[in-house]
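Here's a quick tour for anyone who likes to see the cut-offs next to the numbers. Have a look at the model first, then read on.

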Amino acid sequence: MIPSVSQYAGQQLLTGEQAKTWADDFMAVHLSEMPYGGVYSKVSAAARANPTSKSLAALEQTSFQGTTLRGLLLEAYAFSTVGTIMLWGAIASFIGAICMSVLVGLGFWHARRTEVDEPVLAPKAVPVSS
């Protein structure tokens, strides 16, 4: 946990990779070390079964906040990944649009060079020698 998380120590979480590292290598580790494995549904069920226990109520609150934060961090990572894929898709689309624009320009250039009544796909006539 320490080497992967410590590289981002003192920094804001600004990238999806940072969010994933914190969610998987920090939050998940700490949640799994909590009673009931940090699973909110288990902690909540125990807290409801014993409503007078302040320690279970505090544990429930901590588990809820931890799992929520982890989910938000993983969602940020997912949107970062989707954004990266969309960026490359946009770049490919613009390259395709430029290629198509060149082809349209070549089509107009070719249309100006050919006669209107010239057949497009007809074979050229071969002169017959006598």
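First, the ground rules. This is a predicted model, so local features need pLDDT of at least 70 and side-chain atom pairs count only at pLDDT 80 or more, while totals for chains, interfaces and linings use all residues. Numbering starts from 1 along each chain as its sequence is written, and side-chain values use heavy atoms, with hydrogens and water left out.

**The core**

Let's start inside. Leu31, Met34, Val43, Ala46, Ala47, Leu56 and Leu59 make up the largest nonpolar core, seven residues in all. A core here is a set of buried Ala, Val, Leu, Ile, Met, Phe, Trp, Tyr and Cys residues joined through side-chain atoms within 4.5 Å. Buried means under 20% relative accessible area, exposed means over 50%, and partly exposed sits in between (1.4 Å probe, protein chains only). Helix H3 (40–49) and H4 are the elements that give two or more residues to this core, and H3 brings the largest share, three residues. Helices are DSSP runs of H or I, at least four residues, numbered from the N terminus. In soluble globular proteins, nonpolar side chains tend to be buried together. Zooming in on Ala47, its contacts (heavy atoms within 4.5 Å) include Leu56 and Glu60, leaving aside residues up to four places away in sequence.

**The salt bridges**

How many salt bridges does the structure hold? There are two, where a salt bridge is a side-chain nitrogen of Lys or Arg within 4 Å of a carboxyl oxygen of Asp or Glu.

| Pair | N to O distance |
|---|---|
| Lys20 and Asp24 | 3.4 Å |
| Asp24 and Arg70 | 3.0 Å |

Asp24 is in helix H2 and Arg70 in helix H4, so this pair ties together parts that are 46 residues apart in sequence. Through shared partners, the salt bridges join Lys20, Asp24 and Arg70 into one network. Lys20 and Asp24 both belong to helix H2 (residues 16–32), four residues apart, about one turn of the helix. As for cover, Lys20 is partly exposed at 27% relative accessibility, Asp24 is partly exposed at 27%, and Arg70 is partly exposed at 26%.

**The patch and the chain end**

Ile98, Met100, Val102, Leu103, Leu106 and Trp109 make a nonpolar surface patch of about 620 Å². Patch members have over 30% relative accessible area and no salt bridge, with like charges joined within 9 Å and nonpolar side chains (Val, Leu, Ile, Met, Phe, Trp, Tyr) within 5 Å. The areas are Shrake-Rupley values with a 1.4 Å probe, and for residues only the protein chains shown count as cover. Trp109 lies in helix H4 (residues 54–113) and is partly exposed, with a relative accessible area of 44%.

Thr114 is found in the segment after H4, and at 27% relative accessibility Thr114 is partly exposed. From Thr114 to Ile98, 16 residues apart along the chain, the C-alpha separation is 25 Å. A polar atom of the Thr114 side chain lies 3.4 Å from the backbone oxygen of Ala111. Ala111 is itself in helix H4 and partly exposed at 47%. Between Ala111 and Lys54, 57 residues apart in sequence, the C-alpha to C-alpha distance is 84 Å.

Terms used: A polar contact is a pair of N or O atoms within 3.5 Å; within protein, one must be able to donate a hydrogen and the other to accept it, and residues adjacent in sequence count only if both atoms are side-chain atoms.
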